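Subject: A structure for you to look at

Hi,

Here is the structure I promised you. Please open it beside this email and follow along as you read.

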Amino acid sequence: MPDPLAARAEELRALEYVLETAQRYLEELEEAPVLPGRGERFRGSLPEDGDGALAALTELVAGSDIATRSSGPRFFHFVTGGATPAALAADWLTSLLDQNSFSAASSPYGTQLEDVAVRWLLDLFELPSAWGGVLTSGATTANFVGLACARRWWAEQHGVDVDERGFAGLPAVPIFSSEYVHASARKALAMLGLGRESVQIVAPDGLESALDGIGGAPAVVIGNAGDVNTGDFDPLARWADIAAAQNAWLHVDGAFGLFARVTPKAAALAEGVERAHSVIADGHKWLNVPYDCGFAFVRDEQYLRPPFRLTGPYLPSDELPGPEASRRARALAVWATLRAYGREGYRAMVERHLELAQRVALRVDDEPELERLAETKLNIICFRVHPPGFDQAELDELNTALGRDVLEDGRVFFGTTRYDGKVAFRPAIVNWRTTEREVDLMVDVLLELASRRLAVRA
Ligand SMILES: Cc1ncc(COP(=O)(O)O)c(C=O)c1O
């Protein structure tokens with residue numbers, strides 16, 4: 001096959017083929033195994049002569065049986081959202097229009113939509129409209145943005161412009177969080193030169209004395225809205241008061257937990273976030289837009305730009321902040337899904353997920369062979385299989401083996417974690433398609449697999 005210019009007649013046919021694939025895929029998504037195929041699909045070396053777009057697409061689709069059906073309703077692993085119809089179509093449009101939305105000079109369409117999307121998100125999360133914000137590739141890069149602002153503020157307290165001058169001569173940054181701090185926040189700290197291990201862990205009521213202990217020196221506090229194991233929250237309203245009184249920047253990681261603020265049924269959990277200095281969430285989790293998408297919001301917009309300033313004689317001066325320069329127009333999917341379903345649509349979805357989580361929690365409590373390990377406050381159920389007569393080590397072994405069984409079985413998908421020293425399951429409900437049918441199946445499948453293993457042991 002010659003170069004793409006000569007093969008341009010294929011362009012629409014390749015897109016039609018993807019549309020036909022989408023029709024089949026979406027029809028099957030609710031019933032298909034979560035991981036229909038296993039093994040290697042893509043081998044071979046770089047072709048000297050290509051076979052053209054249609055042949056390439058056909059091969060991609062043929063191998064897609066090893067794509068997890070993670071946008072389907074039975075994928076409870078990690079915290080993985082699906083893609084609403086509006087978001088999915090807008091994401092296709094994003095590729096069609098192929099905007100580099102780093103600046104209005106390259107895409108007024110992308111930057112205007114991002115501006116509106118950020119304002120709508122602030123409204124959705126009931127955060128002050130004067131805050132600044134930016135779309136990112138996910139919660140990790142959003143944590144990176146929020147903590148870069150925190151770092152800038154902290155160095156400013158020491159009279160230094162860290163983004164221009166660097167860290168030389170500055171003391172270590174005092175950073176506090178709870179045991180809920182996510183690996184992603186630590187990764188962001190590492191990328192910012194602050195150090196993964198620099199976080200001092202405090203108990204929920206230990207923040208005040210920890211800050212007292214550094215005698216009013218400026219500090220950074222990472223509050224957690226939604227622990228990945230349990231969905232639990234730090235006492236954010238109290239921490240916001242303490243941070244304000246003690247010269248600390250409060251950054252809140254609300255990758256999925258920020259969505260508690262979408263419904264009065266859970267908003268109290270995330271009260272106080274509106275008084276934080278920076279707050280982040282994911283789009284590809286509970287907003288149900290396709291990967292990849294996150295958001296960072298910053299109370300004082302002046303901190304948002306300097307860490308990410310991009311200068312050059314050929315560059316515009318209105319670039320959007322964030323770790324990227326060139327960037328996908330993620331705002332299309334965010335804008336489209338909010339335009340399509342509005343505040344009420346998201347409230348209904350989040351409330352449905354909260355009810356589904358309670359349904360699973362009740363079922364776990366009712367089943368003698370299951371044991372809930374934590375309160376179910378949001379959308380994650382932390383529990384394990386606990387038949388009588390098993391000691392701790394045997395329980396860990398059994399639940400680890402069952403974790404493998406669940407993934408192998410593929411009717412539902414969720415993983416294990418270690419919580420309170422115990423191997424546990426932590427399915428998370430964030431997909432717009434998930435209903436009672438799928439969460440009931442989640443427990444049924446686990447019980448069936450457990451009884452199989454126990455029968456072998458008996
Ligand atoms: C609380 C929390 N923070 C951050 C992240 C990282 O998110 P991402 O994978 O979008 O970077 C996650 C992902 O599960 C999370 O649960």
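A nitrogen atom of the ligand lies 2.8 Å from an N or O atom in the side chain of aspartate 253. That is a polar contact, meaning a pair of N or O atoms within 3.5 Å (within protein, one must be able to donate a hydrogen and the other to accept it, and residues adjacent in sequence count only if both atoms are side-chain atoms). The side chain of aspartate 282 has an N or O atom 2.7 Å from an oxygen atom of the ligand, and for lysine 285 the distance from a side-chain N or O atom to a ligand oxygen is 3.2 Å. On its own the ligand has 390 Å² of accessible area, and the protein covers 82% of that; such areas come from the Shrake-Rupley method with a 1.4 Å probe, and for residues only the protein chains shown count as cover.

Before you go further, please note that this is a predicted model, where local features need pLDDT of at least 70 and side-chain atom pairs count only at pLDDT 80 or more, while totals for chains, interfaces and linings use all residues. Residues are numbered from 1 along each chain as its sequence is written, and side-chain values use heavy atoms, with hydrogens and water left out.

Which residues come nearest to the ligand? They are Thr140, Asp253, Asp282, His284 and Lys285, out of 13 around it (a residue is near a molecule or strand if one of its heavy atoms lies within 4 Å of it). This shell is made up of 4 nonpolar, 6 polar and 3 charged residues. Here Ala, Val, Leu, Ile, Met, Phe, Trp, Tyr, Cys and Pro count as nonpolar, Asp, Glu, Lys and Arg as charged, and the others, Gly among them, as polar.

Where does the ligand sit? Its place is the second largest pocket, and sitting there means that more than half of its atoms lie within 2 Å of the pocket's grid points. The search uses a 1 Å grid over the protein atoms alone: a cavity is a set of points where a 1.4 Å probe fits but cannot get out, a pocket is an open set with protein on both sides within 12 Å along at least five of seven lines, and lining residues have an atom within 4 Å of a point. Grid points are joined across faces, edges and corners, and a volume is the space filled by probe spheres set on the points.

The second largest pocket holds about 460 Å³ of space. It is lined by 29 residues, and Val79, His182, Ser184, Val228 and Lys285 are the closest to its centre. Helix 5 (139–157) and strand 10 (416–419) are the elements that give two or more residues to this lining; helices (H or I, at least four residues) and strands (E, at least two) are DSSP runs, numbered from the N terminus. The lining divides into 9 nonpolar, 15 polar and 5 charged residues.

Now for the largest pocket, with about 1000 Å³ of space. Among its 32 lining residues, Val18, Ala22, Tyr25, Leu88 and Trp92 are the closest to the centre. Helix 1 gives the most to the lining, with 8 residues. By class, the lining of the largest pocket has 20 nonpolar, 8 polar and 4 charged residues.

There is also 1 cavity of 30 Å³ or more, and the largest cavity has about 60 Å³ of space. Its lining includes Tyr291 and Asp292. The peptide bond from tyrosine 291 to aspartate 292 is cis, with omega near 0°, and aspartate 292 belongs to the loop between strand 6 (278–282) and strand 7 (294–298).

One last thing to look up is glutamate 126, which is not a glycine but has a positive phi of about 50°. You will find glutamate 126 in the loop between helix 4 (108–124) and strand 1 (132–136).

Best wishes
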